[in-house]
Amino acid sequence: MASLICSPSSLSCGSSVRFPCFSSNEPASRLLVHNGIRCNVVEPLNIHNGKPCIPYVNNEHSVPSFLTSTHLQSPINKHDTRLRIFSGTANPALSQEIACYMGLELGKIKIKRFSDGEIYVQLQESVRGCDVYLVQPTCPPANENLMELLIMIDACRRASAKNITAVIPYFGYARADRKTQGRESIAAKLVANLITEAGANRVLACDLHSGQSMGYFDIPVDHVYGQPVILDYLASKTICSDDLVVVSPDVGGVARARAFAKKLSDAPLAIVDKRRHAHNVAEVMNLIGDVKGKVAVMVDDMIDTAGTIAKGAELLHQEGAREVYACSTHAVFSPPAIERLSGGLFQEVIITNTIPMSEQNYFPQLTVLSVANLLGETIWRVHDDCSGGYETYSSLGID
C-alpha cells in the first residue's frame, strides 16, 4: 500500500537573491524564474510523477507590479489565519511554490493508494470554519488525479470547511467541451458537475481550453491566464519588435493569439489553417499572413502530441520565418511530442509548470516558467474579496 504524506514543515523562505542571465540560444534545458528569492528545501522531494521544481518567490523588481504581493511585506500569524492550502499528489512542487509566495505552509494531508487502486485521503489538521484551497491539476493520469481531487473536496466538506476552492492549474477533459459529431459526450460538463457535487464552492482555473467551460460550472469560476508570465519572459529577450509576428496554430486560437500580439508591442498576426482528419492528427493547409524574415511566436493554450504546432512550424520555415518560438501554458507532452519539439524546428519552447515535467521530457530548447506567483496572488485576492473591477486585479486576467 503506497502512501504519501505532504508535510510542509521543511519548507522555509530564505533571502538569497539569484540573478540569472538569459540568452535566446542557451544550450541546455532550464527552469527559469526571474531574480527570485529562493525557498530552501531542507529535505528532498520524493515525487514520482514529475521532476520537482525549486520553489522561488519573485521580488518586486522581477515581476510586474500587479504580481507583487503586499502580503509578503508583513509577517503572517500562521496560527490565526483561516486560509489553508493543501496539495494533491499531481503537482506538489507547484503547490509548495504557491505556499512559499504567500508566506504560508502547506496543510498536512495524508493520501494513500490501496493495492486495488482505491484512494484514501485524511486531513491531518483542523479546517473547521476555514477557507480551504486544494491545488490539484487534473493532468495525466487524468482519471487518477481527478478522483483524488474529488475525494480531497469530500474530505474537506466533511471536516466542516467554510469554503472549498478547487485550484486546478490544468483542467483535464477541457477539450471535450462540445459535440462535434452525433452521439458524443460533453465530458467537460460532466467533470464540472462532479466537482460541484463533491462539495466545491469555487473553482480557480488557469487558461481553460475554451471560455464556455466556465459556464459548465454552477459555482463561481475564477479564470486566470498564463500570458503575463510568458510575456514578461519574452520582454526580457533581445528581439526587435519590428521583427515579431504572432502566429495562431489554428483558426480556433485566433482570439488568444490576437490578445497576445496586442500585448507584445501590438505585433502583426498570422494564422495557420489546418484540417483535422482524426483526433491527435493534424494536416496543415496554408498560411494567412506574412512571416518572411521575421521571428514567429506561436501561441497556444496547450501542447499535447505537438502535431499541430510542429506542422505549423514547418510551414513557417517554408514561408521564410527566421526563427520560430513556441509558447504554451500547458505542456501535456504526450508521445511523440518530445521528438517533434526537439527536432530543430523551434528556437525555444516556452511553457509553464501547470503540469509537472518528468526528467526524461527535458530537452535543450525547453524553458519552464513558474505560475506560482500568479496563482498565489489570485488566491490572496479571492480570499480578501477584492473587487474584479479593481484595476490591478483586472490586470491579472481574472474573469
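These are my notebook entries on a predicted model of one protein chain.

**Ground rules.** I number residues from 1 along the chain as its sequence is written. In this predicted model, local features need pLDDT of at least 70 and side-chain atom pairs count only at pLDDT 80 or more, while totals for chains, interfaces and linings use all residues; side-chain values use heavy atoms, with hydrogens and water left out.

**Overall build.** I looked up the secondary structure and found nine helices and 19 strands (DSSP runs: H or I of at least four residues for helices, E of at least two for strands, numbered from the N terminus).

Of the 399 residues, 54% are buried (under 20% relative accessible area, with a 1.4 Å probe and protein chains only). The chain exposes about 17700 Å², and carbon and sulfur atoms supply 49% of that (Shrake-Rupley method, 1.4 Å probe).

**Aromatic pairs.** I found three of them (ring centres within 6.5 Å; planes under 30 degrees apart are stacked, over 60 edge-to-face, the rest tilted). One of them joins Phe171 and Phe217: it is tilted, with 5.8 Å centre to centre and 55° between the planes. Phe171 sits in the loop between β10 and α3, Phe217 in the loop between β11 and β12, and they are 46 residues apart. I checked both residues, and Phe171 and Phe217 are buried.

Next I looked at Phe333 and Phe363: their planes lie at 45° and their centres 6.5 Å apart, so this pair is tilted too. It links distant parts of the chain, from the loop between β17 and α7 to the loop between β18 and β19. Phe333 counts as buried because its relative accessibility is 5%. Phe363 has 4%, so it counts as buried.

Terms used:
Buried means under 20% relative accessible area, exposed over 50%, partly exposed in between (1.4 Å probe, protein chains only). Rings of Phe, Tyr and Trp (its six-membered ring) pair if their centres lie within 6.5 Å; planes under 30 degrees apart count as stacked, over 60 as edge-to-face and the rest as tilted.
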